[in-house]
Amino acid sequence: MRELDPTIMSALRTVAGDPATYARMWKAKSGGRAIASFPMNFPAELVHAAGALPVIVQDDPTPITEGRSLLAEFYCGYTRSVVDQVALGRLDVFDAFVAADHCVQLLGAVDVIRWARPDKPVHFAQFTSAMDDAWTKPRVEGRIEELQREIEQVQGTTVTMRALSASIGLFNQNRRMLRTFYDLRRSGRARITAGEMQLLVKSSMVMDVEEHTALLERLLAQLDPVAQPPADLVRLHLSGHFCHAPRVEILDVIEESGAIVVDDDLYTGFRYISTDVPETGDPLAALSQWYLDRNRVAPCPTRVTTDVDWDTYLIDSLERSGSDGVVVLMAKFCEPHMLYYPELRKALEARGIPSLLLETEHEGNPVETLRTRVETFVERIRRQPALARS
């Protein structure tokens with residue numbers, strides 16, 4: 001089975017590892033502005049339609065220094081990394097900051113940005129978390145219109161509905177291509193590691209969408225999806241990490257322990273690309289519908305839809321992918337995940353589905369300890385009767 005083109009993957013790795021440098025180069029080449037956003041539900045199409053580069057701020061793997069005095073230690077690693085990057089000037093390349101989610105810890109990070117960089121426009125849309133009340137859709141539509149005005153002010157232009165429709169089409173195309181890689185991995189017709197899949201998605205959060213899609217097309221054309229993975233590998237689903245990418249070394253440990261990751265609901269993974277924006281009708285209304293649809297396609301514990309829940313979605317996903325078990329990756333101090341996890345664990349236990357909880361940190365992940373735990377988990381699954389794993 002042919003591997004993903006190493007030259008293209010290296011280029012994507014460079015971009016994903018240093019978004020600020022990519023944004024700086026893009027601005028120098030295009031003469032445009034770059035606008036930074038945060039997970040999980042910001043409609044990047046609005047920024048693109050205004051002629052600017054939308055970039056989702058990534059967790060920086062370097063140790064946190066200046067940021068330690070700006071947020072308490074019980075804030076998650078992602079938000080502390082964001083404020084550290086701001087304090088050190090690493091995000092000065094961005095011309096504005098925008099956010100749509102209301103995680104309490106993210107609110108704290110945004111407040112630090114306002115304090116540390118008072119010259120930078122910062123807009124917090126705060127989309128509602130109650131997804132199916134009578135007032136939800138009009139309120140989300142109002143927030144999206146506010147975002148449009150803020151972006152237009154920063155960019156000094158008007159977002160036309162024709163341009164927005166075109167941007168929606170480009171981002172949908174990119175999401176569909178990324179989902180094709182997911183389909184190939186789930187079916188076993190392509191061997192794509194968890195680290196590689198994360199890289200494909202993470203780079204899409206940074207690069208110009210058309211440039212990224214062109215690289216995906218080249219990668220897909222070179223794949224030879226015919227061979228099957230070794231039959232003795234345990235098939236796993238990765239779940240959790242709603243805001244930032246797990247460390248690659250953790251993903252590598254999982255797959256070095258006799259397992260193959262066949263699916264995930266990570267933010268820097270399937271959760272990000274799960275849902276397309278409707279391409280008919282009013283494009284602004286389509287963006288609000290996309291926000292509502294996302295929680296039905298890939299439910300999140302930070303959102304409430306009365307007839308949808310994360311544990312049912314996860315169990316259904318395991319059946320579709322033929323996964324033998326779940327590795328739950330929980331970022332330390334992620335309150336929504338911590339609060340919901342007991343319900344998720346009970347649902348998995350009731351179905352006899354093996355699961356392993358791994359708490360991750362910004363710094364100091366004990367890789368060898370994790371390796372021992374994952375190897376034990378994989379061996380436990382192997383010892384299950386074949387019928388129980390089917």
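Predicted model: local features only at pLDDT ≥ 70, side-chain atom pairs only at ≥ 80, totals over all residues.
1. Helices here are DSSP runs of H or I with at least four residues, strands are runs of E with at least two, and both are numbered from the N terminus. Residues are numbered from 1 along each chain as its sequence is written, and side-chain values use heavy atoms, with hydrogens and water left out.

2. Let us stay with Tyr 78. Is Tyr 78 buried or exposed? Tyr 78 has a relative accessible area of 2%, so it is buried (buried means under 20% relative accessible area, exposed over 50%, and partly exposed in between, with a 1.4 Å probe and protein chains only). Leaving aside residues up to four places away in sequence, Tyr 78 touches Phe 38, Pro 39, Val 57, Gln 58, Asp 59, Cys 243 and His 244 (contact means heavy atoms within 4.5 Å).

3. Four strands form an open sheet with parallel pairing, in the order 2-1-3-4 (two strands pair if DSSP finds at least two bridges between them). Strand 2 (53-56) and strand 4 (122-124) are at the edges with a single partner strand each, so one side of each has no neighbour in the sheet. From one strand to the next, the twist averages 25 degrees.

4. Look next at one pairing in detail. Strand 3, residues 96-99, pairs with strand 4 in the parallel sense over three bridges. Val 98 has His 123 in strand 4 as its bridge partner. Elsewhere, helix 2 (residues 19-30) lies across strand 1 (34-37) and strand 2, and runs at about 175 degrees to strand 2 (axes are lines fitted to C-alpha atoms, for helices over the stretch in contact, and angles run from 0 to 180 degrees between N-to-C directions).

5. How many disulfides are there? The count is zero, where a disulfide is a pair of cysteine sulfur atoms within 2.5 Å. For Cys 103, the nearest cysteine sulfur is that of Cys 243, 5.9 Å away. For Cys 300, the nearest is also that of Cys 243, at 8.0 Å. Cys 300 is buried, with 8% relative accessible area, whereas Cys 103 is partly exposed at 31%.

6. The whole structure holds eight aromatic pairs (rings of Phe, Tyr and Trp, the last by its six-membered ring, pair if their centres lie within 6.5 Å; planes under 30 degrees apart count as stacked, over 60 as edge-to-face and the rest as tilted). Phe 94 and Phe 97 have ring centres 6.4 Å apart and planes at 65 degrees, so their pair is edge-to-face. Phe 94 is buried at 2%, and Phe 97 is buried at 3%. Together with Phe 38, these two residues form one aromatic cluster.

7. Trp 310 and Tyr 340 make a tilted pair, because their centres are 5.6 Å apart and their planes stand at 45 degrees. Trp 310 is in helix 13 (residues 310-321) and Tyr 340 in helix 14 (residues 335-350), so the pair ties together parts 30 residues apart in sequence.
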